[in-house]
Amino acid sequence: MTEGARTVDEELLSIGAFAARARLSAKALRLYDRLGLLAPAHVDEASGYRYYRVGQVEQARLVALLRRLDMPLARIAEVAGAEGVRAAELLGAYWADVEARLAGQRTLAEYLRGRLSGRNSEMYDKFVIETVDVPEQVLITESRHTLADELPTWIGASLGRLEGAARECGGVTGAPFVVYHSEVSMESDGPAECCVPVADEAAARAWAGRHGRAWEPGVRVQPAARLAYTRITKAQVAHPQILAAFEAVEQWVAGRGLRTAGPCREVYFADWEAAGADDPVCDVAFPVR
């Protein structure tokens, strides 16, 4: 045996011995190598045999556990490559995303079960419908034709721009909201209109004049109105499960002999980024008379 081979034997473990230490199969280790998640410490050029260091055992076990969380390969590599608190933070961020997705899927499953079973009324009974009187408001707005899958990104960006612009218009005076002037779905593109109430109409119109070419903003005065609304969680905001909330409000309005007096809206009263999946964030509303 050559000196190099004796060094390999003394410092490294064969793939079989390492697999036994790590409580994994040699097949899994070959897969991790191929995916770029755990490379051998040494590969014999002549035989192609893989050798691992004892210190890689914990990393191998970590990769195996992260894969059981259905974590994407890129994020596994990121967590496995970090240390201590940073690795824990990365894992926590991933799991928060998973829980938010599961909450949305759970709400969607409930919505679909209600539809498929014909228990729409029972499904609507889960929503508490109330009314509120909203005073006249000066609004700065952005409008866009958009499909449902593009809507969340556009709403976040648009409301962010408008809330920033509100500083030039006397400040924000109420919760921002989105008005749907026509259906927004995977087949219909609205338009939708993002609105932020502001204090100073003259300043708002001056702001719109300065930014008109770049933003295509709008300024209008929204008349006072009575809204019928239901409050929903962050998980329920996702399309299409939010449709159940709109339908519940419509059913309530019709059942009390009222009529809708304008397009529906979503009123965002909470900090979206700070909210959890089950936290109330939005009122689904219709103007009524």
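In which loop does Asp-70 lie? In this predicted model, Asp-70 is placed in the loop between α4 and α5 (73-81). Its backbone has a positive phi of about 60°, although Asp-70 is not a glycine. With a relative accessible area of 66%, Asp-70 is exposed. Arg-23 likewise is not a glycine and has a positive phi of about 60°. Arg-23 is found in the loop between α2 (15-22) and α3, and its relative accessibility of 64% makes it exposed, because the cut-off for that class is over 50%. Most residues other than glycine have a negative phi, and most peptide bonds are trans. A cis peptide bond is present between Gly-190 and Pro-191, with omega at about 20°; Pro-191 belongs to the loop between β6 (177-180) and β7 (192-198).

Two packed helices are described by the angle between their axes and the distance between the axes. For helix α3 (residues 26-34) and helix α4 (residues 57-68), the axes come within 11 Å and cross at roughly 85°, so α3 is roughly perpendicular to α4. The contact is made by Leu-29, Leu-31 and Tyr-32 of α3 with Ala-60, Val-63, Ala-64 and Arg-67 of α4. Of the residues in this contact, six are nonpolar, none is polar and one is charged.

Helix α10 (residues 242-255) has 14 residues and should span 20 Å at 1.5 Å a residue; its end C-alpha atoms are 20 Å apart, which agrees. The buried residues of α10 include Ile-242, Phe-246, Glu-247, Trp-252 and Val-253.

The model contains ten salt bridges. In one of them, Arg-86 pairs with Glu-89, and the closest N and O atoms are 3.7 Å apart. Both residues lie in helix α6 (residues 84-117), three residues apart, about one turn of the helix. Arg-86 is partly exposed at 46% relative accessibility, and Glu-89 is also partly exposed at 46%.

Another salt bridge joins Glu-142 to Arg-161, with the closest N and O atoms 2.9 Å apart. This pair links distant parts of the chain, with Glu-142 in strand β5 (residues 137-144) and Arg-161 in helix α8 (residues 151-165), 19 residues apart. Glu-142 is buried, with a relative accessible area of 6%, whereas Arg-161 is partly exposed at 31%. The side chains of Arg-231 and Asp-283 also form a salt bridge, at 2.7 Å from N to O. Here strand β9 (residues 225-233) supplies Arg-231 and strand β11 (residues 280-288) supplies Asp-283, 52 residues apart. Arg-231 is partly exposed at 45% relative accessibility, and Asp-283 is buried at 9%.

Key:
Residues numbered from 1 in each chain as written. Predicted model: local features only at pLDDT ≥ 70, side-chain atom pairs only at ≥ 80, totals over all residues. Heavy atoms only, no water. Helix = DSSP H or I, 4+ residues; strand = E, 2+ residues; numbered from the N terminus. Expected span 1.5 Å × (residues − 1). Buried < 20%, exposed > 50% of the residue type's maximum accessible area, 1.4 Å probe, protein only. Axes fitted to C-alpha atoms, helices over the stretch in contact; angles between N-to-C directions. Parallel < 35°, antiparallel > 145°, perpendicular 65-115°, else oblique. Contact = heavy atoms within 4.5 Å. Nonpolar A, V, L, I, M, F, W, Y, C, P; charged D, E, K, R; others polar. Salt bridge = Lys/Arg side-chain N within 4 Å of Asp/Glu carboxyl O.
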